[in-house]
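Let's take a friendly walk through this model together. Please have the sequence and the 3D view open as you read.

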Amino acid sequence: AFLDQIARNDDAVHAFLYVDAEGALAQAAAVDARLDAGETMGPLAGVPLALKDLFTQAGLPTTAGSRMLQGWRPPYSATVTQRLIDAGIVILGKTNLDEFAMGSSTENSAFGPTHNPWDLARIPGGSGGGSSASLAAFEAPLAMGTDTGGSIRQPASVTGTVGVKPTYGGTSRFGVIAMASSLDQPGPCARTVLDAALLHEVIAGHDPLDSTSIDAPVPPVVEAARSGDVSGMKIGVVTELGGEGYAPGVEQRFGEALDLLRAAGAEIVEVSCPHFSYALGAYYLIMPSEVSSNLARYDGMRYGLRAGDDGSRGTEEVMALTREEGFGAEVKRRIILGTYALSSGYYDAYYGSAQKVRRLIADDFDAAFAQVDVLVSPSTPTTAFRIGERIDDPLAMYKSDLCTIPSNMAGNASGSFPAGLAPEDGLPVGFQVMAPPLADDRVYRVGAALE
Ligand code: GLN
């Protein structure tokens with residue numbers, strides 16, 4: 001049924017870069033065989049999923065939305081991919097994303113943008129716009145995302161779906177194409193809070209193949225999603241994430257969600273996190289620095305594209321031509337920014353200062369979580385904007401992630417949940433819940449209370 005829905009819809013939405021119909025049907029048959037053989041399988045056995053094309057899946061095309069990796073087929077699967085397959089989840093194919101997960105609209109994909117199913121002229125968010133659009137278009141019931149600065153939560157927000165960034169180290173990065181390794185985190189996308197929690201449970205937990213993986217029990221996310229009981233919970237509204245620049249409909253629906261939580265027995269207070277205002281600036285120094293290092297591996301020798309290798313050129317020239325041709329404008333912009341920020345003489349002023357700001361943001365979180373159980377804000381300041389509207393204005397684009405970036409900087413758990421439609425344009429609004437590291441269950445508990 002989902003393959004049929006993709007065939008009917010996806011020419012217009014373009015959520016998928018690659019549909020693996022044959023592989024999906026074979027995986028489904030394998031689940032049937034396991035069940036027939038008497039194996040007890042989890043609740044998601046046989047449920048289809050759309051996989052962001054940043055996750056390797058052995059033998060299948062994996063592009064990261066870049067010409068650089070066009071035609072590359074990884075020899076192994078990411079830990080997350082493998083855990084999905086082991087749980088009997090059926091992978092429908094690979095979804096579209098901003099090139100190397102850099103963007104907030106999916107317009108930076110080398111293979112054309114994804115369209116928001118709520119209004120095809122609008123963006124589905126980014127970088128994981130393909131995953132969230134596949135859910136909103138009913139082309140898949142589950143999807144996987146990765147979140148470096150908001151790429152799970154902001155697309156969830158603007159497509160009216162659920163997306164959770166687990167605690168950093170809670171899900172494995174092994175086999176996920178790296179953007180900024182100290183910030184990247186895989187996480188679940190779904191249409192309901194419980195579906196997201198069930199998927200979270202499948203993918204989370206210690207992985208010895210990822211050096212930053214946390215060796216601790218997976219928080220009780222499914223129990224929390226089933227309960228949704230927020231009575232007695234203390235919820236902090238972040239002063240700095242609201243006001244000027246936030247769409248009236250976003251603020252209205254956010255306020256109504258607070259009323260709902262209050263009615264359900266939660267206590268709502270306001271909490272100031274003074275350094276959150278500097279998060280975006282610090283992110284755009286730390287993230288590009290890591291990008292410039294991580295993307296050095298695309299040298300035209302090891303994977304995918306190789307340009308100008310006709311025997312007349314030396315190695316360095318082939319590398320330069322390959323990188324010129326293989327990377328899009330946004331990726332080049334970040335490599336240049338990052339290389340500059342890390343260069344000797346500037347390192348302390350830029351990268352070093354940004355790391356200090358990162359510490360102050362984590363301290364703000366610590367101080368806040370000493371007073372409240374969770375922090376909340378809108379997920380993103382506006383509803384889905386029009387395709388083309390911000391593409392020539394990187395700063396306007398970067399502001400989409402104002403609310404989501406602090407959680408990546410500090411590594412805590414954070415999710416976006418549907419909060420209704422903005423009256424002025426009828427488009428989805430997202431409600432963000434942030435919880436301390438390893439308290440991912442609180443994110444689901446509040447999300448479920450709003451459902
Ligand atoms: N939109 C943000 C950026 O462009 C976040 C990306 C992400 O989380 N992968 O960096």
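The report below goes from the whole chain to the annotated site, and then to some local details.

## How to read the model

This is a predicted model, in which local features need pLDDT of at least 70, side-chain atom pairs count only at pLDDT 80 or more, and totals for chains, interfaces and linings use all residues. Residues are numbered from 1 along each chain as its sequence is written.

## The chain as a whole

The chain has 15 helices and eleven strands; helices (H or I, at least four residues) and strands (E, at least two) are DSSP runs, numbered from the N terminus. With a radius of gyration of 21 Å, close to the 22 Å that the globule rule gives for 451 residues, the chain is as compact as a globular protein of that length. That radius is taken over C-alpha atoms, and the globule rule is 2.2 Å times the number of residues to the power 0.38. The C-alpha trace spans about 70 × 65 × 45 Å along its principal axes.

Of the 451 residues, 57% count as buried. Here a residue is buried if 20 or more other C-beta atoms lie within 10 Å of its own, exposed if 12 or fewer, and partly exposed in between, with C-beta atoms placed from the backbone. Among contacts with a separation of 6 or more, residues 24 or more positions apart account for 76%. A contact means that the C-beta atoms of two residues, placed from the backbone, lie within 7 Å.

## The annotated active site

Where does UniProt place the feature "active site"? The unreviewed entry puts it at Lys 52, Ser 127 and Ser 151. These residues span 100 residues in sequence, yet no two of their C-alpha atoms are more than 10.8 Å apart, so they gather at one spot. UniProt positions are given in the numbering used here, feature names are shortened, and annotations may be inferred rather than shown by experiment.

Lys 52 is found in strand β2 (residues 48-52). Lys 52 is buried, with 32 other C-beta atoms within 10 Å. Not counting residues up to four places away in sequence, Lys 52 touches several residues, including Thr 95, Gly 128, Gly 145 and Thr 146. Ser 151 sits in the loop between β4 (142-146) and α5 (153-159), and is buried with 36 other C-beta atoms within 10 Å. With that same exclusion of residues up to four places away, the contacts of Ser 151 include Ser 127, Gly 128, Gly 145 and Thr 146.

Ser 127 has its place in the loop between β3 (90-95) and α4 (129-136). A cis peptide bond joins Gly 126 and Ser 127, with omega at about 5 degrees.

## Around the ligand

Which residues come nearest to the ligand? Of the 14 around it, they are Ala 101, Ser 104, Thr 148, Gly 149 and Ser 151. A residue counts as near if its C-beta atom, placed from the backbone, lies within 6 Å of the molecule.

The shell has four nonpolar, eight polar and two charged residues. Ala, Val, Leu, Ile, Met, Phe, Trp, Tyr, Cys and Pro count as nonpolar, Asp, Glu, Lys and Arg as charged, and the others, Gly among them, as polar.

## Strand β6 and its partners

Five of the five residues of strand β6 (residues 186-190) are buried, so the strand is largely enclosed by the rest of the structure. Five bridges join β4 to β6, and the two run antiparallel; strands pair if DSSP finds at least two bridges between them. Gly 145 has Gly 187 as its bridge partner in β6.

Strand β5 (residues 162-165) is also antiparallel to β6, joined by two bridges. There, the bridge partner of Gly 163 is Cys 189.

Ile 387 lies in the loop between β9 (374-378) and α13 (394-398), and is buried with 20 other C-beta atoms within 10 Å. Leaving aside neighbours within four places in sequence, Ile 387 is in contact with Glu 107, Pro 113, Ala 121, Arg 122 and Ile 123.

His 14 has a positive phi near 60 degrees, in the loop between α1 (2-13) and β1 (16-19). Leu 438 also has a positive phi, of about 70 degrees, although it is not a glycine. Leu 438 belongs to the loop between β11 (428-435) and α15, and is partly exposed, with 17 other C-beta atoms within 10 Å. Helix α15 (residues 440-450) is mostly covered, with eleven of its eleven residues buried.
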